[in-house]
Amino acid sequence: MLSVVNPKRAYSMDVRGKQAADTRQRIVEATQELFAAKTSEFTLEHVASATGTSVRTVLRMFGSKEALILEAMGSFRATVPARDELPRSVGEAVARLVDD
């Protein structure tokens, strides 16, 4: 009898972890964009479609629609500068843009 040996493929948890983190980030960013657009009702189906995933993946990563929204809001808040870091005038804002 002929036996076939199936060598196990190399599998890296580091690669899988990076892919999962990238997917999670895409989902959070899509959630923020869909909220900002305000053009349609926010649904998990829209989020999944925008990220090339499934609703099941979104729910597996976040647990619920509410948890996804809370994470997206928290992530957005982390990018907003503190009030004392905001430009005090339009001229200062333009200067900051030009200087960068």
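**Entry 1: the surface**

Accessible areas here come from the Shrake-Rupley method with a 1.4 Å probe, and for residues only the protein chains shown count as cover.

I noted the ground rules next. This is a predicted model, so local features need pLDDT of at least 70, side-chain atom pairs count only at pLDDT 80 or more, and totals for chains, interfaces and linings use all residues. Residues are numbered from 1 along each chain as its sequence is written, and side-chain values use heavy atoms, with hydrogens and water left out.

**Entry 2: the overall fold**

I went through the secondary structure. I found five helices and zero strands. Helices (H or I, at least four residues) and strands (E, at least two) are DSSP runs, numbered from the N terminus. Along the sequence the pattern reads α-α-α-α-α.

Then I checked burial. Of the 100 residues in the chain, 18% are buried. Buried means under 20% relative accessible area, exposed means over 50%, and partly exposed lies in between (1.4 Å probe, protein chains only).

I also looked at contacts (heavy atoms within 4.5 Å). Among those between residues at least 6 apart in sequence, 48% join residues at least 24 apart.

**Entry 3: salt bridges**

How many salt bridges does the chain have? I get three. The rule asks for a side-chain nitrogen of Lys or Arg within 4 Å of a carboxyl oxygen of Asp or Glu. Side chains of opposite charge can pair when their charged atoms come close.

I started with K18 and D22. Their side chains form a salt bridge at 3.0 Å, N to O. Both sit in helix α1 (residues 13-37), four residues apart, so about one helical turn separates them. K18 is exposed, at 52% relative accessibility. D22 is partly exposed, at 34%.

Next I took E71 and R24. The closest N and O atoms of this salt bridge are 2.8 Å apart. E71 is partly exposed at 32% relative accessibility. R24 is partly exposed too, with a relative accessible area of 28%.

I ended with R96 and E92. Their side chains meet at 2.9 Å, N to O. They are four residues apart in helix α5 (residues 90-99), so about one helical turn separates them. R96 has a relative accessible area of 33%, partly exposed. E92 counts as partly exposed at 26%.

**Entry 4: a nonpolar patch**

Which residues make the nonpolar surface patch of about 440 Å²? I listed V90, V94, L97 and V98. Patches take residues with over 30% relative accessible area and no salt bridge; like charges are joined within 9 Å, and nonpolar side chains (Val, Leu, Ile, Met, Phe, Trp, Tyr) within 5 Å. I looked at V90 on its own. V90 is found in helix α5. It is exposed, with a relative accessible area of 65%.

**Entry 5: a glycine in α4**

Last, I picked G74. This residue is found in helix α4. G74 is partly exposed, at 39% relative accessibility. I checked its distance to V28. The two C-alpha atoms are separated by 10.0 Å, with the residues 46 apart along the chain.
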